[in-house]
Amino acid sequence: MRFLPLALSAAALAVALVPVAPAQAAALPAIQLVKIYYNSPGSPDNGANGSLNGEWAQIKNTTRKAVSLKGWTLRDKTRAADHVYTFGAFTLGAGKTVTVRTGKGKDTATTRYWGRSGGTFAYIWNQASDTAYVRNASGKLIDSCSYNSSRVESINCA
Ligand SMILES: [Ca+2]
Ligand SMILES: [Ca+2]
């Protein structure tokens, strides 16, 4: 009899575990942060445009339909107003990934540029810990990705 509660809880656990996989699958964000390369190659990071563009965040459209990201935002953990990247007219194709680089450059279908400059203070992604947030045009949080390690240069969010 003394093992009965354990048996019951194990059974309850088994039942409880069943729906977990489908629920997680359904929770996959339509637009997902997949990777942040937060420590630009080279040390120390010198703040030049090439170095700023060496840090980036990647966002993927996990759906089977193209999604307009116009008005969507990407930002870090700080509350600084200039740490918000807002997509202009841009459509991310089904299953496609876009890379948002911190520095200046010519926007393409696969790479967008935050357009920041000004040396070492222009970096967005902290080298030890930070959080990226993606919000839709209505300001609703769609996905976020946190990291906390200065031992590696990037984080796989997906
Ligand atoms: Ca570096
Ligand atoms: Ca930051």
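Ala57 is in contact with Leu33, Ile36, Leu74, Val100 and Ala132, leaving aside its neighbours within four places in sequence. Contact means that the C-beta atoms of two residues, placed from the backbone, lie within 7 Å. The model is predicted: local features need pLDDT of at least 70, side-chain atom pairs count only at pLDDT 80 or more, and totals for chains, interfaces and linings use all residues. Residues are numbered from 1 along each chain as its sequence is written, while chains are lettered from A and ligands numbered from 1 in the order in which they are written.

**Core around Ala57**

- The largest nonpolar core has 26 residues. Such a core is a set of buried Ala, Val, Leu, Ile, Met, Phe, Trp, Tyr and Cys residues joined through C-beta atoms within 7 Å.
- Leu33, Ile36, Ala57, Ile59, Leu74, Val100 and Ala132 touch the most other members of this core.
- Two or more core residues come from each of β1, β2, β7, β9 (129–135) and β10 (141–148).
- Strand β2 gives the largest share, three residues.

**Chain overview**

- The protein chain holds three helices and 11 strands. These are DSSP runs numbered from the N terminus: helices are H or I with at least four residues, strands are E with at least two.
- From the N terminus, the element order is α-α-β-α-β-β-β-β-β-β-β-β-β-β.
- Of the 158 residues in the protein chain, 26% are buried. A residue is buried if 20 or more other C-beta atoms lie within 10 Å of its own, exposed if 12 or fewer, and partly exposed in between; the C-beta atoms are placed from the backbone.
- Among contacts with a separation of 6 or more, 61% link residues 24 or more positions apart.

**Five-stranded sheet**

- An open sheet runs β8-β7-β2-β1-β11, with mixed pairing. Two strands pair if DSSP finds at least two bridges between them.
- Strands β8 and β11 are the edges; each has a single partner strand, so one side of each lacks a neighbour in the sheet.
- The twist averages 25° from one strand to the next. Axes are lines fitted to C-alpha atoms, for helices over the stretch in contact, and angles run from 0 to 180 degrees between N-to-C directions.
- β7 and β8 (residues 111–113) run parallel, joined by three bridges. Arg101 has Tyr113 in β8 as its bridge partner.
- β2 (residues 56–61) and β7 (residues 97–101) run antiparallel, with five bridges. Gln58 stands opposite Thr99 in β7.
- β1 (residues 31–37) and β2 are antiparallel and share six bridges. In β2, Trp56 stands opposite Tyr37 and Ala57 stands opposite Ile36.
- Three bridges join β1 to β11 (residues 154–156) in the antiparallel sense. Asn156 in β11 stands opposite Lys35.
- In a regular strand, side chains alternate between the two faces of the sheet.

**Four-stranded sheet**

- A further open sheet has the order β5-β4-β9-β10, with antiparallel pairing.
- Strands β5 (84–86) and β10 stand at the edges with a single partner strand each, so one side of each is left without a neighbour in the sheet.
- In this sheet the twist averages 15° from one strand to the next.
- β4 (residues 73–75) pairs with β5 over three bridges, in the antiparallel sense. Arg75 stands opposite Val84 in β5.
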